[in-house]
Amino acid sequence: MMREFGSPNTATVRRERFSRSVTAVSQTFVITVVDGPDAGFVTTIDASGTARVLIGSSPVCAIRLTDREVSRRHASIGVNGSSLQLMDLGSTNGTTVNGVLVREVILTGGEAIRVGGTVISVKRGEARSSGTINEASSFGRIVGSSLAMRRIYPALAQLVASDRPVLIEGEAGTGKELVAEEIHRSSKGADRPFVQLEAQNMAQADIGPKLEELLDQAIGGVLFIDEVGALSRDVQTRLRAIIATRSDVRVICATRRDLDRDVASGRFDDDLFFVLAAGRIELPSLREREGDVALLARAFWTECGGPDALPEDFLPRFEHYPWPGNVRELKSAVLARMTLGELGATYRSDDAKERGLDLITAVLEDDLPFPTARERVVKEFERRYVERMLARHGGNVTRAARASGVAHRYFQLIRARLK
């Protein structure tokens, strides 16, 4: 998991998270509602803001519309270099551009977007200073120098400085747990408890009592709820009351679900969502993080004790790989390369385009309970690692254990478990 990235020593080195920033010049776009209930609404967006701006009827949308034909989170729009990228987010009534129904499209200015009964004009504005964009390639143990990542670092800094609830959204494997940990360990209460509730892996009847138990353990610190979307409605109501009445525990939640859609369907508590959305942050997928694959791969190689530099033949194999498992999958690929000396077939770029799966992704697709899935992945890794180290050292357990950096007895225990 991404949470395991970074040893205490490397984390200390990377604590200079507030690196110098540079003034960036970016293209601006003027977004105007020209027809519909909200006609006259005008906003300007550029690359200095968040990765995307949401359009919809939800109060958390930056372009909030009262049109009843518009979905809660209808579409997103964001600056992509000198153009705009518009995406329909699975809306009920669809999104059209100049009369053509679209799912994802690049805009250059001069287009008319229709969502529901609302028409939105897009016009190119003047290039201007977009303020400062952090040049840092990391934020604590969070590594990434892409624009998509540098945009979220200021938001993380704000969350570190506050004590309000946080909602971290993103696909599986994007590092939501690591972000929660970094917000905590970078705050003034870093020495206080960080307690985790893995809601998705528990029976609904057990979540309520467990929540109460963990609250007592988290006093003065953070209660991190992994997959808040898995909570039942009664537990959601209880959580909302906890946030309102308990000032001695900070609640940080994570989800890969579309909570706007869950709110619209009645599956998720509307009031709880609005409370959490005040500290909302969305993590980009790895395929959206231009340049970060190479940066992360080299960092993981060093972190995992790889000899010398990352092999030159490693990165070219991923030129067309979509990374469905995101950063978590990339780390497993680095581990496979380091321990096996050669990538498995599922990582070769030609095969990857056909299958798009690695060991971890394959296990995830089986929808196993968390303990079972984790055991299967760990067991396979241990088997491959032990076999390779023994092969390298002629079957000598003592030398293999020493080269592995673990105690002789522990190496033998791992070996024995695999028999």
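Let me begin with the crossing of H6 and H8, which is left-handed in this predicted model. Helix H8 covers residues 270–277, and H6 packs against it at an angle of about 45°, the two axes being 9 Å apart. H6 and H8 are therefore oblique to each other. On the H6 side, the contact is made by Gln236, Leu239, Arg240 and Ile243. H8 contributes Asp271, Leu272, Val275 and Leu276. By class, the residues of this contact of H6 with H8 comprise five nonpolar, one polar and two charged.

H6 also meets H5, and I turn to that pair next. Helix H5 spans residues 204–217 and helix H6 spans residues 233–245; their axes come within 10 Å and cross at roughly 20°. That angle makes H5 roughly parallel to H6, because angles under 35 degrees are counted in that class. The crossing of H5 and H6 is right-handed. From H5, the residues in contact are Ile207, Gly208, Leu211, Glu212 and Leu215. From H6, they are Val235, Arg238 and Ile242. The contact of H5 with H6 is again made up of five nonpolar, one polar and two charged residues.

Helix H13, residues 370–392, and helix H14, residues 397–404, have axes that come within 9 Å and cross at roughly 120°. H13 passes H14 in a right-handed crossing. Which residues make the contact between H13 and H14? H13 supplies Tyr385, Met389 and Leu390, while H14 supplies Val397, Ala400, Ala403 and Ser404. Six of the residues in the contact of H13 with H14 are nonpolar, one is polar, and no charged residue takes part.

I now move to the sheets. Within E3, Thr43 stands opposite Ile31.

Another open sheet is formed by five strands in the order E5-E4-E6-E7-E10, and here the pairing is mixed. Its edge strands, E5 (63–64) and E10 (104–107), each pair on one side only. How do E4 and E5 run, parallel or antiparallel? Strand E4, residues 53–56, and E5 run parallel and are joined by two bridges. Gly56 has Arg64 in E5 as its bridge partner.

I finish with the confidence of the prediction. The protein chain has a mean pLDDT of 82, and 83% of its residues reach 70 or more. Where pLDDT is low, the predicted coordinates should not be read in detail.

Methods: Residues numbered from 1 in each chain as written. Predicted model: local features only at pLDDT ≥ 70, side-chain atom pairs only at ≥ 80, totals over all residues. Heavy atoms only, no water. Axes fitted to C-alpha atoms, helices over the stretch in contact; angles between N-to-C directions. Helix = DSSP H or I, 4+ residues; strand = E, 2+ residues; numbered from the N terminus. Parallel < 35°, antiparallel > 145°, perpendicular 65-115°, else oblique. Left-handed = near helix turned anticlockwise from the far one by under 90°. Contact = heavy atoms within 4.5 Å. Nonpolar A, V, L, I, M, F, W, Y, C, P; charged D, E, K, R; others polar. pLDDT = per-residue confidence, 0-100. Pairing = 2+ DSSP bridges.
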